[in-house]
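Here's a quick walk through one model, taking in its cross-links and a couple of its sheets. Have the coordinates open while you read.

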Amino acid sequence: MTCTVTWWEIVAVLLMNAALVVSEFPASGFNVRPDTPAPEFLPSSLNVTFRRGELAVLRCSVYNLGTKTVVWRRQENSFPLTSGTMTVVADDRIQIGHVDFKNQWDLMIKNVQPEDEGVYECQVASTNKNIRRMVSLTVIDSIADAKEISISEEQYVERGEPVTLHCNVTGQHYTPDGIDWFRNGEKVTSEKRMGVQLLKHLSIVHRTFTSILSIEKATMEDSGVYVCRSSNMQIAYTKVRVLNAETSNKKRGTSHDAFIDEQMSNWQLKSSTSNTRQPIFAFICLCCLPTFKHFCT
């Protein structure tokens, strides 16, 4: 028995097999490239403040950047400052802070000046113009906007008594961000020392930040130099002297007071010794007087 297969029958079988293979896959997922995730900005500060002459850093972190490019520009100027890691403008103060395989694309401005103040735009170069983030830069003039800082005066307290120190910082154009406390160079926090409280009061109207350092019961270890430091590195300091009430009830602690006490003690000792020697010398003279008369006769 002879079986003859024509070429069109072979083609028909192949087409049927191909149709069966295609039917095994959903139409939407067969031979279709998956969509690339859109770039996203990671959380970062949208308002930054620096002093004249400092290195200003404007943060911009982009996730899922892919092959796209990050561009920085000033909002009022359409011409870019940077593109990728390249600086486009002729300003050697401007550069990009970026590490390979990292999401950061930070704009860095060395020796920042008041004229650099403004709104900057971090944008992902693409057809979607909405992939951008605005960062506002404020530059403080060191002389015109200098802050005033003050701290309470030197304190003498007995051991076991409370200690309260006040530190006030006033800004000319805006309220200071915060205050840190240090004792003998070591930062003071409520977590490190039991009985220590740090209270804060903010006045936007008067542009004043007040911090109160409170110690419930002072110990001898609480003596030292206390420094309050504002967010812009202005400092003020004072001294706290904790006195031992069991030794003396008067306020002491200076070398001058100790010197005076020592001199008074020495003077009293000498005076007492001198007063004792006088009657002893008179008694010896009276005892020796008969013997002296016997030799004379």
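The side chains of Gln 123 and Arg 73 make a polar contact at 2.7 Å. Bear in mind that this is a predicted model. Gln 123 belongs to strand β10, which covers residues 118-125. Is Gln 123 buried or exposed? Its relative accessibility is 7%, and the cut-off for buried is under 20%, so Gln 123 counts as buried.

How many disulfides turn up in a search of the whole structure? The search finds two, and here they are side by side:

| Disulfide | S to S distance | Torsion about the S-S bond | Handedness |
|---|---|---|---|
| Cys 60 and Cys 122 | 2.0 Å | -75 degrees | left-handed |
| Cys 167 and Cys 228 | 2.1 Å | about 65 degrees | right-handed |

Take the Cys 60 and Cys 122 disulfide. This pair links distant parts of the chain, 62 residues apart: Cys 60 lies in the loop between β3 and β4 (62-63), while Cys 122 is in strand β10. Both Cys 60 and Cys 122 are buried.

Now for the link between Cys 167 and Cys 228. Its torsion about the S-S bond is about 65 degrees, so this disulfide is right-handed. Here too the pair links distant parts of the chain, with Cys 167 in strand β14 (residues 163-170) and Cys 228 in strand β19 (residues 224-230), 61 residues apart. Cys 167 and Cys 228 are both buried. Number the bonded cysteines in sequence order and the pairing reads 1-2, 3-4.

On to the sheets. Strand β19 sits in an open sheet of five strands, ordered β13-β20-β19-β15-β16, and the pairing is mixed. The edges are β13 (155-158) and β16 (186-187); each has a single partner strand, so one side of each lacks a neighbour in the sheet. β13 pairs with β20 (residues 235-243) in the parallel sense over four bridges. Look at Glu 158 and you'll find its bridge partner in β20 is Leu 243.

Another open sheet has three strands in the order β3-β9-β8, with antiparallel pairing. Its edges are β3 (56-58) and β8 (94-97), and because each has a single partner strand, one side of each is left without a neighbour in the sheet. On average, neighbouring strands of this sheet are turned by 25 degrees against each other, direction ignored. Three bridges join β3 to the antiparallel strand β9 (residues 106-109), and Val 57 stands opposite Met 108 in β9.

Notes:
Residues are numbered from 1 along each chain as its sequence is written. This is a predicted model: local features need pLDDT of at least 70, side-chain atom pairs count only at pLDDT 80 or more; totals for chains, interfaces and linings use all residues. Side-chain values use heavy atoms; hydrogens and water are left out. Two strands pair if DSSP finds at least two bridges between them. Helices (H or I, at least four residues) and strands (E, at least two) are DSSP runs, numbered from the N terminus. Axes are lines fitted to C-alpha atoms, for helices over the stretch in contact, and angles run from 0 to 180 degrees between N-to-C directions. Buried means under 20% relative accessible area, exposed over 50%, partly exposed in between (1.4 Å probe, protein chains only). A polar contact is a pair of N or O atoms within 3.5 Å; within protein, one must be able to donate a hydrogen and the other to accept it, and residues adjacent in sequence count only if both atoms are side-chain atoms. A disulfide is a pair of cysteine sulfur atoms within 2.5 Å.
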